[in-house]
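Let's take a walk through this structure together, one region at a time. Please keep the viewer open as you read.

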Amino acid sequence: MTEAIVYEKIGDIAVLAANNPPVNALGLAVRQGLVEGIERAEKEGAKAVLIYGEGRTFFAGADIREFGKPPVGPFLPDVCTRIEASPLIVVSALHGTALGGGLEIALASHYRIAVPKARMGLPEVLIGVMPGAGGTQRLPRLIGIDKSLDVITSGRQVGAKEALELGILDKIADGEPREIGLAYAQELIDANAPRRPVSEMPAPAPVDFDALYDAVLKKGRGLLAPAVAVRGIQACCELPFAEGMKRERELFGQLMNTDQRQGLIHAFFAERAVGKLPELEGVAPRPLNAIGVIGGGTMGAGIATSALLSGLKVTLIEMSPKAAEAAKGRIAGNLQGALKRGKISPEKFEELTEKALTLAIDYEALKDADLVIEAVFEEMSVKKEVFTKLDAICKPGAVLASNTSYLNVNEIAAVTSRPADVIGLHFFSPAHVMKLLEIVVADKTAPDVVATGFALGGKMGKVSVRAGVCDGFIGNRILSTYRTCADYMILDGASPYQIDKALEDFGFAMGPYAVADLAGLDIGWAVRKRKRAEGVDPRARDFTYADKLCEDGHFGQKTGMGYYDYSAGPKSRVPNPEVMPLIEADRAAQGITARAFTDEEIIRRYMAAMVNEAAKVVGEGIAKRPLDVDVTLLYGYGFPRYRGGPLKWADMQGLPALLDDIKSWAEDDPYFWAPAPLLEQLVTEGRNFDDLNKD
């Protein structure tokens with residue numbers, strides 16, 4: 001026997017206890033132990049077997065330490081088959097999470113019981129594969145096609161109560177998994193209950209699986225795994241069980257060899273690596289109990305909402321009592337959403353809005369705050385005025401944070417007597433929903449202030465990325481470049497609508513012009529005016545059509561008109577007929593003859609611009625690692641997760657060919673398409689971006 005599965009026999013019940021902390025992952029030792037435990041129970045004359053997990057969970061899925069390594073038997077499908085084939089009654093008692101292979105072990109058992117807080121699911125599609133140990137063959141037999149489709153193609157977790165209603169569980173009971181499992185197994189023995197292998201249950205009648213496949217593929221915007229999982233469910237309905245299992249493994253193997261699987265696995269590990277920084281090893285964050293937020297607009301209210309939901313006390317500063325009450329209304333509206341989703345109770349809502357939140361119009365109310373975040377107008381003079389006041393009022397050691405999207409945090413810190421306490425915390429709107437937080441480290445920011453920024457992000461459930469100081473930091477700097485590339489393609493002959501469609505087909509939730517309409521065209525207009533005032537390089541191409549839209553009062557969805565006409569509602573997205581004449585006038589003024597673009601060329605140029613600028617960001621140290629860029633674009637800018645991020649995409653495309661394209665375009669526009677030195681270096685050395693993540 002292996003230590004990963006502890007065996008004991010209690011009366012007629014053999015107990016197999018998983019002991020593979022921290023999450024009882026289904027590694028080799030666990031798989032071996034389960035098979036050996038079943039065999040021993042049969043030899044010793046047990047009447048039933050109980051499988052449960054010690055610690056905080058049942059089997060929470062595959063062992064990520066085995067990812068990328070040659071598989072070693074016994075393989076999980078064979079383990080599940082062996083469990084199910086036992087002549088003994090096999091019971092799984094679930095607590096914590098039973099995910100992926102964990103739920104497949106439970107489905108291979110004859111009966112399933114869980115504690116009320118247990119959660120389960122088949123999340124394989126989230127890493128680009130599908131259930132491969134019988135999930136698509138057993139679950140439809142147990143709960144039917146429609147319910148299985150929902151669970152398998154979404155990858156979502158299901159609570160115990162819902163699992164009981166669906167038919168995944170047989171019973172829910174309070175108590176420790178060992179005790180409830182033993183009691184249930186004994187109850188089954190006493191009732192002379194039969195074995196109940198799911199594989200021997202009748203399969204559902206086949207349906208139009210081609211239509212289901214197409215619908216799931218469309219819903220996933222090109223994500224393959226959920227659609228391929230539909231074919232697994234189809235095999236369950238159309239083939240005998242053993243052949244269905246074989247078909248499931250074939251489909252699983254096909255997905256294992258796709259770029260999408262590579263991209264999703266990269267995203268999975270990058271998200272976990274992004275907050276692990278050598279500079280923070282052994283550095284403790286400062287105390288973080290009460291925070292201040294300055295400005296109660298959409299952004300400030302969102303930050304305050306996120307802080308309240310994470311258990312922090314919040315003091316919000318506005319310019320007048322009326323503005324403060326309006327801010328409270330926005331926060332209450334945000335919290336109403338959490339209330340409707342069942343994330344907070346009515347009592348908690350009352351506590352957060354009436355006790356944890358304090359409204360004030362005097363900065364003096366911030367004197368005891370551990371951290372203060374300003375979310376005021378994006379103008380340097382306004383930011384400096386705020387930080388001058390904070391410097392005078394906040395207690396020693398308080399962290400002073402700016403939510404600026406573009407501005408120089410060093411310049412902001414310089415107006416205080418404590419630049420070591422100043423940091424950028426760039427939230428993304430709506431701040432209580434968006435998961436990304438850019439933590440902008442200025443030249444003099446103290447290490448424990450950086451650690452405090454990451455601690456705040458952790459409390460709020462954010463994915464936090466370290467960024468250095470430059471115009472736009474990581475995300476907005478790269479955004480500015482690939483948006484400029486799109487604008488140049490429009491000058492040369494593409495339309496905003498073709499570009500949006502091509503990029504949505506690539507996997508973005510929204511194209512760049514639809515996104516601009518959603519965010520507000522006045523934001524980009526303000527940035528362009530600021531940059532022109534600071535001085536634009538004469539080698540840069542310029543355009544006026546976007547400015548003229550704003551001059552006419554068309555700021556996107558909030559005014560009902562932008563690149564699209566929203567007069568029929570925010571989802572109508574009818575092209576604004578005024579846009580193309582403005583573009584054509586701009587082309588004529590510059591003597592440009594429009595040419596046709598293919599969707600493939602649009603994607604290639606757009607992505608190349610993104611990758612080239614990202615390589616500059618990494619090369620300059622603004623982002624420490626390529627994975628920091630990938631996580632930023634995935635969580636803040638709608639980059640399709642199954643492509644892994646722009647630099648993972650570039651690695652999979654091949655850096656030499658991408659650099660060749662950039663150099664060919666540089667012949668016509670050497671300023672915009674100047675190759676990133678880091679990209680040239682990697683190609684010369686025969687390396688890729690992922691190599692830098694391992695350095």
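Two strands count as paired if DSSP finds at least two bridges between them, and the elements themselves are DSSP runs numbered from the N terminus, with helices being H or I of at least four residues and strands E of at least two. This is a predicted model, in which local features need pLDDT of at least 70 and side-chain atom pairs count only at pLDDT 80 or more, while totals for chains, interfaces and linings use all residues. Residues are numbered from 1 along each chain as its sequence is written, and side-chain values use heavy atoms, with hydrogens and water left out.

Start with strand β16 (residues 436-440), which pairs with β17 in the parallel sense over five bridges. Here Leu 436 stands opposite Val 463 in β17. Together, β16, helix α17 (residues 447-459) and β17 form a right-handed β-α-β unit; right-handed says that, with the strands pointing away from the viewer, the path from the first strand over the helix to the second runs clockwise. Strand β17 (residues 463-467) is mostly covered, with five of its five residues buried, that is, under 20% relative accessible area, where exposed is over 50% and partly exposed lies in between (1.4 Å probe, protein chains only). Val 463, Val 465 and Ala 467 point one way from β17, and Ser 464 and Arg 466 the other way.

Next comes an open sheet of three strands in the order β5-β7-β8, with mixed pairing. β5 (97-99) and β8 (158-159) are at the edges with a single partner strand each, so one side of each has no neighbour in the sheet. β5 pairs with strand β7 (residues 119-121) in the parallel sense over three bridges, and Thr 97 stands opposite Arg 119 in β7.

Now look at helix α18 (residues 475-492) and helix α20 (residues 512-519), which pack at an angle of about 115° with their axes 11 Å apart. Axes are lines fitted to C-alpha atoms, for helices over the stretch in contact, and angles run from 0 to 180 degrees between N-to-C directions. Arg 483, Ala 486, Asp 487 and Ile 490 of α18 meet Pro 512, Tyr 513 and Ala 516 of α20, where contact means heavy atoms within 4.5 Å.

Finally, Asn 612 sits in helix α24 (residues 599-619). Is Asn 612 buried or exposed? Asn 612 is buried, with a relative accessible area of 3%. Leaving aside neighbours within four places in sequence, Asn 612 is in contact with Ile 662, Ala 674, Pro 675, Ala 676 and Leu 679.
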